[in-house]
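Hi there,

Here is the structure I promised to pass on. Have a look at it first, and my notes follow below.

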Amino acid sequence: MGFPRTASAGDTAFHVELGDGIDRATNARVMALHERVTAARAAGALPGVVETVPSFRSLLVVYDPCATARAALEPAVLALVPEGEVPAAAGRLWRLPACYDTAFAPDLEDLARACGIAPEEVAPRHAAAEYHVYMLGFMPGLAYMGGLDPVLQRPRRSEPRVRVPAGSIGVAGALTLVYPWESPGGWHLIGRCPVALFDRRRAEPVLLAAGDRVRFEPVDRANFEELAAAARDGTLDSETLLGAA
Amino acid sequence: MSGPHLEVLDGGLFTTVQDLGRFGHQALGIPVAGALDPIGLRLANALVGNPQGTAALEIAYLGPCLRVAADSVRIAAAGPLSLLLERPGEPPEPLAPWRSHTLQRGWVLRAGPVTGAAVAVLAVAGGFALPPFLGSLSTYTRAGLGPFDGRPLAAGVVLPLTRPAAPAGEEVELAEPPDYGSGPVRVVPGPQAERFDEAALDTFLSAPYRVGKEADRMGLRLDGPALVHLAGADVPSDGLVTGSIQVPGSGQPILLLNDHQTAGGYTKIATVISADLPRVARLRSGDALGFRAVTVAEAEALRRRQERHLSGLVAGISRVRPPGGIDLEALATSNLISGAVAGDET
């Protein structure tokens with residue numbers, strides 16, 4: 001099988017790869033390794049590790065080469081790789097409002113055509129799924145979520161947009177995400193979410209965590225604007241977005 | 001503003017508060033940011049008596065204009081920064097980098113162009129009295145993180161200081177500027193070097209590249225021969241570090257710098273070694289560069305050697321000698337007769 005496998009990222013980091021693709025089982029093992037390394041460091045082990053960054057199928061271990069060395073650190077981290085399957089952690093369930101208004105969905109028609117469905121089918125199919133947060137990355141608060149309806153699955157846009165508005169809901173491959181910030185982006189935009197996925201005023205600025213579950217709840221434009229205003233003012237209580245387990 | 005501060009009269013082109021970085025939160029998508037030139041940051045801080053990681057001003061291309069609103073302030077610049085001191089009734093006086101200077105209330109410090117490098121650093125004794133975010137004062141403008149809502153300095157901004165006056169003691173200087181390195185930039189191949197055809201790695205390690213027009217704190221787009229992928233340019237998004245060299249479908253490499261995103265899905269052919277990061281981060285559009293491969297162990301050794309060089313420079317910080325003057329203390333304490341022999345040795 002070839003896993004775990006390590007790969008160099010210069011002299012200050014290395015990847016521990018536990019798989020090749022995007023799947024729940026591999027991701028669960030990556031998250032478990034991330035947690036084990038974090039716990040070991042808290043207990044005083046693995047000196048010289050600066051941080052670990054989990055992603056779909058690998059954990060990036062960042063270290064200080066003046067405090068430790070790859071030769072010493074790598075075996076110590078590999079010893080923490082979980083054997084076999086890891087039970088899925090029970091994350092929180094979020095219910096995030098989503099407005100699929102045409103003004104917010106510049107790629108919806110093209111996507112529907114490419115998928116061979118009517119445009120009115122896109123929003124219900126997107127909102128019907130319960131998504132799993134695989135990882136956070138790219139920008140503060142941005143969560144990569146898996147579980148997209150196979151009918152909606154298409155590769156990323158061949159030409160990314162230079163500017164995607166903040167809050168845009170994107171789909172690409174088998175994943176969906178919400179862009180927390182205006183940024184360049186190559187995903188198909190099909191709606192907008194008024195909630196701030198990153199808000200430095202909050203005690204915990206990042207809303208979602210790896211392992212959380214997310215459902216999108218369609219709201220109309222008027223409702224969207226109310227929620228967006230509350231999010232800007234800081235009066236939208238994120239507790240209200242938590243769903244029943 | 002009543003406490004001691006520096007008043008920003010002109011923010012310059014892109015001046016941001018940076019320390020060594022906001023570490024430990026990349027798992028939440030929060031980039032490290034921090035000084036593009038950590039060598040300059042650490043030495044400027046050492047020259048003003050600060051802990052080396054104290055936040056300072058990173059100045060890109062054209063610097064700010066600051067007025068002293070404290071009894072006095074000690075500053076030091078690192079890098080090829082033009083600095084003019086303006087005092088009432090006096091002609092402007094150029095101030096040299098790599099040494100400390102003490103400025104009095106009302107004096108104006110006019111930082112001009114940075115020549116020959118993309119950035120320079122200006123440190124202040126005592127640092128700034130600004131609230132950290134997640135333990136750091138580093139600025140990440142894309143998400144508004146850091147002082148002043150993550151914005152670069154602009155006219156009217158006030159930089160509060162922790163010290164009401166400069167520390168006592170004479171001005172100090174480095175014995176010599178730091179060595180950033182020259183010749184090919186050293187890289188460790190990987191993490192996805194095997195995703196490129198054989199010719200690609202050879203090309204990458206021998207061809208001349210140039211920093212393209214898009215060069216900022218997130219990264220440098222490099223112009224040069226295209227690098228061919230074996231099976232597409234995409235991998236599942238994984239972690240990135242400053243110095244990661246991504247190659248998207250176009251085949252043109254992107255060398256990531258401090259504001260890089262925390263994860264990305266383009267294949268990475270190599271990573272610049274940490275010892276060469278300060279040098280690479282100071283490159284500007286149009287600058288030429290080439291790459292040479294080293295192993296992880298060699299790269300770690302080069303970094304540790306660089307640390308010893310920096311420690312040596314810091315240990316050698318001494319009082320500024322007047323031009324042509326004799327340092328009497330050095331004369332009295334140095335060993336003038338080492339190497340003398342008794343005469344009966346062969």
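**What I found**

Glu74(A) and Arg70(A) are 4 residues apart in helix 2 (residues 70–78) of chain A, so about one helical turn separates them. Helices here are DSSP runs of H or I with at least four residues, strands are runs of E with at least two, and both are numbered from the N terminus.

Some ground rules before the rest. This is a predicted model, in which local features need pLDDT of at least 70 and side-chain atom pairs count only at pLDDT 80 or more, while totals for chains, interfaces and linings use all residues. Residues are numbered from 1 along each chain as its sequence is written, chains are lettered from A and ligands numbered from 1 in the order in which they are written, and side-chain values use heavy atoms, with hydrogens and water left out.

On confidence, chain B averages a pLDDT of 94, and 93% of its residues score at least 70; pLDDT is the predictor's confidence in each residue, from 0 to 100. For the complex, the predictor gives an ipTM of 0.92 and a pTM of 0.92.

**Between the chains**

In chain A, 43 residues are in contact (heavy atoms within 4.5 Å) with 44 residues of chain B. The two chains bury about 3,300 Å² between them, 60% of it on carbon and sulfur atoms. Buried area is the accessible area (1.4 Å probe) that two parts lose on being put together, summed over both.

The interface of chain A and chain B has 3 salt bridges. Arg156(A) forms a salt bridge with Asp234(B), where the closest N and O atoms are 3.0 Å apart. On the side of chain A that touches chain B, strand 3 of chain A gives the most, with 5 residues.

Over all chains, the count comes to 40 salt bridges. One network of salt bridges links Arg5(A), Glu17(A), Asp20(A), Arg57(A), Asp238(B) and Lys268(B).

Arg217(B) and Glu58(B) also meet through their side chains in a salt bridge (2.7 Å, N to O). Arg217(B) sits in the loop between strand 14 (209–216) and strand 15 (219–223) of chain B and Glu58(B) in strand 3 (residues 56–60) of chain B, so the pair ties together parts that are 159 residues apart in sequence. Arg217(B) is buried at 8% relative accessibility, and Glu58(B) is buried at 4%.

In chain A, Asp199(A) pairs with Arg201(A) in a salt bridge, the closest N and O atoms being 2.8 Å apart. Asp199(A) is buried at 11% relative accessibility, whereas Arg201(A) is exposed, with a relative accessible area of 51%.

**Helix 1 of chain B and the cysteines**

Helix 1 (residues 38–47) of chain B has 9 of its 10 residues buried, so it is largely enclosed by the rest of the structure. At the start of this helix, a side-chain oxygen of Asp37(B) comes within 3.2 Å of the backbone nitrogen of Ile39(B). After helix 1 of chain B comes Gly49(B), with a positive phi near 80°.

The whole structure has 0 disulfides (pairs of cysteine sulfur atoms within 2.5 Å). For Cys193(A), the closest cysteine sulfur is in Cys99(A), 10 Å away and too far for a bond.

**Backbone points to check**

Most residues other than glycine have a negative phi, and most peptide bonds are trans. The peptide bond from Phe3(A) to Pro4(A) is cis, with omega near 0°, and the one from Gly190(B) to Pro191(B) is cis, with omega near 10°. Tyr61(B) has a positive phi of about 65° and is partly exposed at 35%. Trp98(B) has a phi near 65° and is buried at 14% relative accessibility.

Best wishes

Technical notes
Salt bridge = Lys/Arg side-chain N within 4 Å of Asp/Glu carboxyl O. Buried < 20%, exposed > 50% of the residue type's maximum accessible area, 1.4 Å probe, protein only. Polar contact = N/O pair within 3.5 Å; in protein donor to acceptor, adjacent residues only side chain to side chain.
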